[in-house]
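Hi,

Here is the structure I said I would pass on.

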Amino acid sequence: MVQSQTFILIKTEKVFPPVNICVNLLLGKIKKKMNTQQNITAENKLIEFLYPNETKIIHGDTLTELKKIKDEQFDLIITSPPYNVGKEYEVKTSIEKYLQLQEEVIKEIIRVTSKTGSICWQVGNYVEKGEIFPLDIYYYQIFKKFGLKLRNRIIWHFGHGLHARNRFSGRYETILWFTKNDEYIFNLDDVRIPSKYPGKRYFKGPKKGQISGNPKGKNPSDIWEIIIKDWDSGLWNIPNVKSNHPEKTVHPAQFPVELVERCVLALTNKNSWILDPYAGVGTTAIAALKNFRNSVGIEKEKDYIAIAEKRIEMLKAGALKLRPINKPIHQPKPNDKIAKIPEEWNNLFSEL
Ligand SMILES: C[S@@+](CC[C@H](N)C(=O)[O-])C[C@H]1O[C@@H](n2cnc3c(N)ncnc32)[C@H](O)[C@@H]1O
């Protein structure tokens, strides 16, 4: 059962805040005059109003389940496939075998994508005996072979991860965004970010003196550069979901809701259908539901589906912890113990 405090949290949702606020206030007044059963009914109706879209997670094998889906059903297929790195949900095989199977999956994925639809394929590296194989390089060739067009190779930069010893520590993964055709859904205005210098003006030419920026903000970009400071650099600096992240579940390779949300908002319309063929703990479903889109997921592990269902339930109850956009996970202040050079190191330097 949904707790009444739920609605205080729902009020802070970015989409349609005035409606949510009005409904919550009204509901608060009405609820005082209702019995428990009436209360539950009213709450359920409000949830239906705030999250009217469909969400379905199919338990099964991706390729088998994809074959059951009709052509051109989805405006967006967004996923992070298994990387063949030996995570608990996969059996590591040769890169050739892995890619061969993935090619079969991709063929089906393209078939179920709508004519104006997009595919976002989020991958990192496959590693063998210390050698890295950037998976997007391999995947690009598969998608290209099927005639898809790459619109962006988005660098997903994150500040945390394993510290490498024999190479530089990896701090990014990529999202390959392909479209099926030249005409495709792209809602740039829905994902603009605040401009760093909104007051900037043209300093020469026919527009001299006029404001050069867009009042809706700037394009979030796909820029490849060494990050200096989060959003200032225009990079997609969405921290990956590690242990101190509010969205963390037991899944070992969960991606952040925020990352999916940006693709959902830019590449689909309200009430579009979205597919995640490797659904994990339902991150895509949450991003879709939050933004008035329908979604289907396919996942072979029952335990992950159970977590996904729980997360969806919590979202509807306003109890799911989500990292607000733009907020760094943790930024130590200069005086925090963790930000200071340890005393032991001071001694070490004085000895040199
Ligand atoms: C990288 S994870 C995706 C995590 C997801 N993006 C999330 O945020 O929770 C890949 C997922 O694919 C699932 N998977 C791997 N092979 C599969 C298959 N053949 N059929 C269905 N699911 C599969 C795994 O169990 C795992 O949850």
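Predicted model: local features only at pLDDT ≥ 70, side-chain atom pairs only at ≥ 80, totals over all residues.

Residue numbers start from 1 along each chain as its sequence is written.

**The chain overall**

The protein chain has 10 helices and 10 strands; these are DSSP runs numbered from the N terminus, with helices being H or I of at least four residues and strands E of at least two. Of its 352 residues, 30% are buried. For burial I count other C-beta atoms within 10 Å of a residue's own, with C-beta atoms placed from the backbone: 20 or more is buried, 12 or fewer is exposed, and in between is partly exposed. Taking contacts between residues at least 6 apart in sequence, 66% join residues at least 24 apart. A contact here is two C-beta atoms, placed from the backbone, within 7 Å.

Helix H7 spans residues 257-267, and 11 of its 11 residues are buried, so H7 is largely enclosed by the rest of the structure.

H8 (residues 283-290) is the partner to look at next: its axis comes within 9 Å of that of H7, and the two cross at roughly 50 degrees. (Axes are lines fitted to C-alpha atoms, for helices over the stretch in contact, and angles run from 0 to 180 degrees between N-to-C directions.) That makes H7 oblique to H8; angles under 35 degrees count as roughly parallel, over 145 as roughly antiparallel, 65 to 115 as roughly perpendicular, and the rest as oblique. The crossing is right-handed, meaning that the near helix is turned clockwise from the far one by less than a right angle. On the H7 side the contact is made by Val257, Val260, Glu261 and Val264, and on the H8 side by Thr283, Thr284, Ile286, Ala287, Ala288 and Lys290. By class that is 6 nonpolar, 2 polar and 2 charged residues. (Ala, Val, Leu, Ile, Met, Phe, Trp, Tyr, Cys and Pro count as nonpolar, Asp, Glu, Lys and Arg as charged, and the others, Gly among them, as polar.)

H8 also packs on helix H9 (residues 302-316), with axes within 9 Å and a crossing of roughly 25 degrees. H8 and H9 are therefore roughly parallel to each other, and this crossing is right-handed too. Ala285, Ile286, Leu289 and Lys290 of H8 meet Ala308, Arg311, Ile312 and Leu315 of H9, giving 6 nonpolar, no polar and 2 charged residues.

As for cover, 8 of the 8 residues of H8 are buried. What covers them includes strand S1 (55-59), S2, H7, S9, strand S10 (294-299) and H9. After H8 comes Phe292, with a positive phi near 60 degrees.

**The ligand**

The ligand is surrounded by 19 residues, and the closest are Tyr89, Tyr278, Gly280, Thr283 and Lys300; a residue counts as near if its C-beta atom, placed from the backbone, lies within 6 Å. The shell has 8 nonpolar, 6 polar and 5 charged residues.

**Single residues**

Ser114 sits in S3 and is buried because it has 20 C-beta neighbours inside 10 Å; it touches Glu72, Phe74 and Asp75, leaving out residues up to four places away in sequence. Gly117 is also in S3, and its 26 C-beta neighbours inside 10 Å make it buried. Its C-alpha atom is 5.6 Å from that of Leu76, 41 residues away along the chain.

Glu72, in the loop between helix H4 (62-66) and S2, has a positive phi of about 55 degrees although it is not a glycine. Asn271, in the loop between H7 and S9, has a positive phi as well, near 70 degrees. Glu72 counts as partly exposed, with 15 C-beta neighbours inside 10 Å, whereas Asn271, with 12, counts as exposed.

Cheers
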